[in-house]
Each structure stands twice: as structure tokens, then as C-alpha cells.
Amino acid sequence: MRIGWRSFLRSRVFSHFPCKNRRRSPTLLAGSGDSGVIPRPAMESHGTGLRRVLVLAFCVAGIWSAYIYQGLLQETVSTKRFGPDKKRFGNLAFLNLAQNVVCLFWSFIMLKLWSNSSSGGAPWWSYWSSGITNTIGPAMGIEALKYISYPAQVLAKSSKMIPVMLMGTLVYGIRYTLPEYVCTLLVAGGVSIFALSKTSSKTISKLAHPNAPLGYGLCFLNLAFDGFTNATQDSITARYPKTSAWEIMLGMNLWGTIYNMAFMFGWPGASGYEAVQFCKQHPEAAWDIFLYCLCGAIGQNFIFLTISRFGSLTNTTITTTRKFVSIVVSSLLSGNPLSTKQWGSVAMVFSGLSYQIYLKWRKLRRFQKKKKPQ
């Protein structure tokens, strides 16, 4: 996803906030952890009335169920003690490799079944650079679960607008509107309050190595690498506009598999061998990892469907609410109790994200009115 750092970063900055007097970014959207990056198809009109409502409900149910369950599995693998020996699965980066392999085969099958484009897409080698950041970034996000709780990780990774605005202001001199600053302050304030609030002893006891500064640092590095990845992908689809979502998914996961295999199995005693041995000794862990990867692949299908039928704004709304529900589910089902102050900080973050969605919706309505013939 990368071929000219400055233009890529610019495209990422522009895609988040409706600033005036800026060029439109290439039409791309990052899929979630949401860990893929996919092109944004043109929104089409597919039916009206009850049928459209049912399709939307199907998309919401698909995204929510796939990614909420994936989050529970991710938390389980990172905190559970498996087997009679009560060992933790310490090689969390192995999840990234497993996700790459499953999504690689999944996208290949989808291309064979549904793709009708024979040429014009981006060549497979064009994804080599974006594959690097797409390998490092998600690995950092997963490793953060050794140091902070899953709700804290979700909240930190929801603050993507903060580095986007900082980069836009400091690097490109972009001036944002007051409502945009309000959104960012709500998100930044909420994440800060959550991080500074006292975490329950029950939650801390589940962590492998409790270390909040390191955990949050890994999450923000994850966001930075994701920004580079998304920007590079913008460039690829701008150069090869006939590239399909499945082709991008295939290319990204091909290089992700290559890099992760080299990192985890490139020399005797590498961490991948230990991870495989752990899965052999603890089949329950291997099954959880497989389901985790399958949820990610299925979730991508629902994201593709949502964007093609209802547009990227609807998809953003669904995925944002999904993150909030994931925190609630983790708190209720996984034994991560939150204090009153922490729930208040969660409300602050999602208030800021909801306000950002409203600003995008208002901008879209104005744009649609201008397009109507007078």
C-alpha cells in the first residue's frame, strides 16, 4: 500500500475530515480487525423499503457477530491459561500470521467464485511495501493485549483521528473546523481518562505483563502503521482503478504471509516453532485461533457488502457501534469490570466518534443537494 510517502499520508489525512479547499482522496476504506484494507465501491441503489431494511439488518448482524466474537476470541487467546499445565499462549504475533494465511485462501476462493475481471488489476508485487506495515502494525496491536485489557485496546485503537489531525496540522498546515477539534478533544480526553483511571485488580491479574504505557504505546504505533498502509493502498487503487477488493485482499495477505513466515520460521528456534508446538499440545488454543481467523475473513465479506449497498458512512457507523458493544460484552462476559470513571471515558470517546459521523453525514447531505439539478 505505499509508493510515495507524502502523497499517501496526505490521502489518509484527507479521508477523515471534511476540510475545505482540499483535493479528494482516492476511494478507499480500511476494513477492521478489522485488519484488512479494501476499496470503496461506488454506492448503488439496491431496492427500497423492507428489502433494503432487511439487507441492512443482515449487514449489521454479520459485522457485529463476526467482529465481536473475534474480539472475545482474541481476548481469550491472550489471557487464558490452557491445559492442565495452565500455560499462556505467549506468541500473539502468530495470530497475525494465521489471519494472513486464512484470508489468503479465502480471497483466492472468492476470486475464483465471484471475480469477473480478467486484467487491469494491480500486479501482486505492488503490495510488497504495504505488506511490511500491514505485518508490523496489527502485530503491535495484538501484542498490546499482554500489557493492557481488551477494552483499553479497543478504546485506544478507536482514536485514529488524533494522529490524523496532528499530522494534517503539523505537516500539511491543514486548518480544521471547531466541531472537528471538539470531536478530537472528546476522543483524546476519553482515552486519557481511561488510561489514567485505576484498573480493577481482577483485570490486571489476567494480563501477562501489566504495563499501561507500553500497551498504549503499541496501540498508537499500530494506528501509525495502519495510516501508512491505508495511504499506500490509496495509491495502488489510484494507479490501477480496476483492482477489485478481493485482489487487494489477496495481495496484502500474500505479502503478509511471506513476511510473517520469514519472521516466525526464518531460523532455528524462531517463535513460530514454539507457537506451533503450543497448539499441538493445546488443541483448544489452536481451535480458538482458527475461529479468530475465520471471523476476520467472514467479517470482511459483510464490510464489502455494506459499502457496496449503503456506502462507507453506513459502514463506519456500524463498525463504530460494534466497538462500543465489544467493550460492553468484554466487561460483562470476560470479567473486565470498568469503574464509573472508565465508563464515563468510554462515553466521551464514542460521543466524539458519533459526532464525527454526524459531521460526515451532514457534509454528504450538502454534497447530494448540490448535485441535484436546479
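The model is predicted: local features need pLDDT of at least 70, side-chain atom pairs count only at pLDDT 80 or more, and totals for chains, interfaces and linings use all residues. Residues are numbered from 1 along each chain as its sequence is written, and side-chain values use heavy atoms, leaving out hydrogens and water.

Me: What pLDDT does the protein chain average?
Reply: pLDDT is the predictor's confidence in each residue, from 0 to 100. Over residues 1–33 it stays under 50. Over residues 35–47 the pLDDT is below 50 as well. Still, 84% of the residues score at least 70, and the chain average is 82.

Me: What share of the residues in the protein chain is buried?
Reply: Buried means under 20% relative accessible area, exposed over 50%, partly exposed in between (1.4 Å probe, protein chains only). The chain has 374 residues, and the buried share is 51%.

Me: Is Ile109 buried, partly exposed or exposed?
Reply: Ile109 sits in helix α3, residues 93–114. Helices are DSSP runs (H or I, at least four residues), numbered from the N terminus. Its relative accessibility is 45%, so Ile109 is partly exposed.

Me: How far apart are the end C-alpha atoms of helix α12?
Reply: Helix α12 covers residues 283–310, 28 residues in total. The expected span is 1.5 Å times one less than the number of residues. That gives 40 Å, so the model agrees: the end C-alpha atoms are 40 Å apart.

Me: Which residue takes a positive phi just after α12?
Reply: The phi there is about 95°. The residue is Gly311.

Note on methods
Helix = DSSP H or I, 4+ residues; strand = E, 2+ residues; numbered from the N terminus. Contact = heavy atoms within 4.5 Å.
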